[in-house]
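Dear colleague,

Please find it below, followed by an account of what was found in it.

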Amino acid sequence: MDHRVLRRLAALAVAVLFALTTGCTGGSVQGRPGASGVRDPFFPKAGNGGYQVDHYGLDLDFDPVKGQLHGTAVITARAEHTLSSFNLDLSGLEVESVTVQGADARFNRTGNELTIRPAEDVRRGEVFRTEIDYGGKPKPVTDPDGSQEGWIPLAGAKGAVGVGEPVGSMAWFPGNHHPSDKATYDITVTVPQGYEAVSNGELRSRSDAPAEGQGQGHGDSQEQGQEQGQGEGAGSGGRTVFAWHSPEPMASYLATVAVGKLKVTTGRTPSGIPVYDAVAPGEAAASAPVLGRLPEMVEWGSGRFGPYPFSSTGLIVLPEGTLGYALETQTRPVVSGAPTGVEGTLLVVHELAHQWFGDSVSPKSWKDMWLNEGFATYAEWLWSEDHGGPSAQQHFDAYLAGDTAVDAEAGSDWDAFPPAAPPGPEDISEAPVYARGAMVLQRIRQEVGDEKFFALVRGWAADHRHGNASTAEFTAYAQEKTGHDLKKVWDVWLYGKARPKAPQGVRSPALTP
């Protein structure tokens, strides 16, 4: 057969195929599903691919007596490629309806994955709005290390708290639950009269709920006094709506809502940052001395680490026994039981230091956890150094010597593994991530001196403000910022598997006021 005929037939076949394809798709490229997970080395199913969230609008209605939560989540995101479907993380809770760009969307559940199929593909670069109505009795999530997070009932009292590190926020709202996707938040919470609902950021308004319907808007903001909302006298069926606004980007594990009969106090730091504290009544008297120093702690942190990165601050003190840990929820850390004495002071210093390191500068993956905890532990050492206690060098030496008289944690297994390489997800809150992470920072200080070290710390917080960063980015930044070759520090202290030894010929740096 004539080869020219074959070529003409082949060209005709391609043309027909092209016409059929464009006729089916309207001339556009067909979308593909977003990934169900971002392949985090420790939590591979956490988060989702194909989009980035810009904003969460959460409207929550919680009955603290029945433990029932109803929520509407409005998620504004931007598609990174054309999406035929996409996933959100949600644990438990029943999904009642989903819309995308105002049109009903099909959805299904598999484990903690909520897969949504919009009526039309979401185009690459398109900003799209997804609304999910959901409800039920939220339950805790158990971490690989056995601790619990998610939606936790208050110990010995009616109420609950939402805490999320690392993946527990999926127990109370659907989202892209990985720290690499940060967004702004508006959280509105409706609760029975007499209860407080405390969240992140600024309280925009506190008002009576409408007589009919649930969570239907909120009136003008009420001026917050020095002390209010003591949780007495629950009224006769009335409800209160609290509207909270977080204007700075936040990783979802840092979002919180605490509902209970809490005592609220407000004030300002010396530099004018609003303070909003909420304390379980049974913990109020014992908490008062340490809470009274919170404005001082924020000012001290600003001096050491650079300007405070958020528009408000405060602390939530829950009934003792509610949680087995404290958590650096953004702008308003959560502690369980009254923080008292030196230990309680250092606990609050630690959680406030996370506002710079962990909250503003968040990890790119959960393997980078030492960038949160190493810095916050080092902040404890600096506070001690600046307030008449052992210096950071003395803490460092105490760990090497196992001297628990200087540091009670010096006898821990701080050398069990390198801080930048925890063996598994159950290890990201273990001693090497905290203490040996802090020792890495002290080794940098020993090598470069105080002036360059504190310039590095402040520069890291400023240059990565409200973003994410990895260990590799930190090591490169530290070398560039200080002008020193720190390879031996990384090889021995950050990544080395053997127990590090005291560095030879290193003089303890002068104390810096």
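Which residues does Glu113 touch, leaving aside those up to four places away in sequence? They are Ser36, Lys45, Asn48, Asn87, Leu88, Asp89, Leu90 and Asn108. Please bear in mind that the model is a predicted one.

Glu113 belongs to strand S8, which covers residues 113-117. Its side chain makes a polar contact of 2.9 Å with the side chain of Asn87. Glu113 is buried, yet no salt bridge is found for this residue. The nearest side chain of opposite charge is that of Lys45, at 4.5 Å. A salt bridge requires the side-chain nitrogen to lie within 4 Å of a carboxyl oxygen, and the Lys45 distance is 4.5 Å.

Turning to the strands, eight of them make up an open sheet with mixed pairing, in the order S6-S5-S9-S3-S2-S13-S17-S15. Its edges are strand S6 (103-104) and strand S15 (202-208), each of which pairs on one side only. Strands of a sheet pair through backbone hydrogen bonds, in either a parallel or an antiparallel manner. S6 and strand S5 (residues 94-100) run antiparallel and are joined by two bridges. Here Val100 is the residue that stands opposite Ala103.

Another antiparallel pair is formed by strand S14 (residues 196-199) and strand S18 (residues 257-260), with four bridges between them. Within this pair, Ala197 stands opposite Val259. In a regular strand, side chains alternate between the two faces of the sheet. In S14 both faces are covered: Glu196 and Val198 are buried on one side, and Ala197 and Ser199 are buried on the other.

Helix H5 (residues 370-386) has 17 residues and spans 23 Å from its first C-alpha to its last, close to the expected 24 Å. H5 is mostly covered, with 15 of its 17 residues buried. Just after H5, Gly388 adopts a positive phi of about 85°.

Helix H6 (residues 392-401) is likewise mostly covered, with seven of its ten residues buried. These are Ala392, Gln393, His395, Phe396, Ala398, Tyr399 and Leu400. Among the elements that cover them are H5, helix H7 (431-448) and helix H10 (487-494).

With kind regards

Note on methods:
Residues numbered from 1 in each chain as written. Predicted model: local features only at pLDDT ≥ 70, side-chain atom pairs only at ≥ 80, totals over all residues. Heavy atoms only, no water. Pairing = 2+ DSSP bridges. Buried < 20%, exposed > 50% of the residue type's maximum accessible area, 1.4 Å probe, protein only. Lys, Arg positive; Asp, Glu negative; His and termini not counted. Polar contact = N/O pair within 3.5 Å; in protein donor to acceptor, adjacent residues only side chain to side chain. Contact = heavy atoms within 4.5 Å. Expected span 1.5 Å × (residues − 1).
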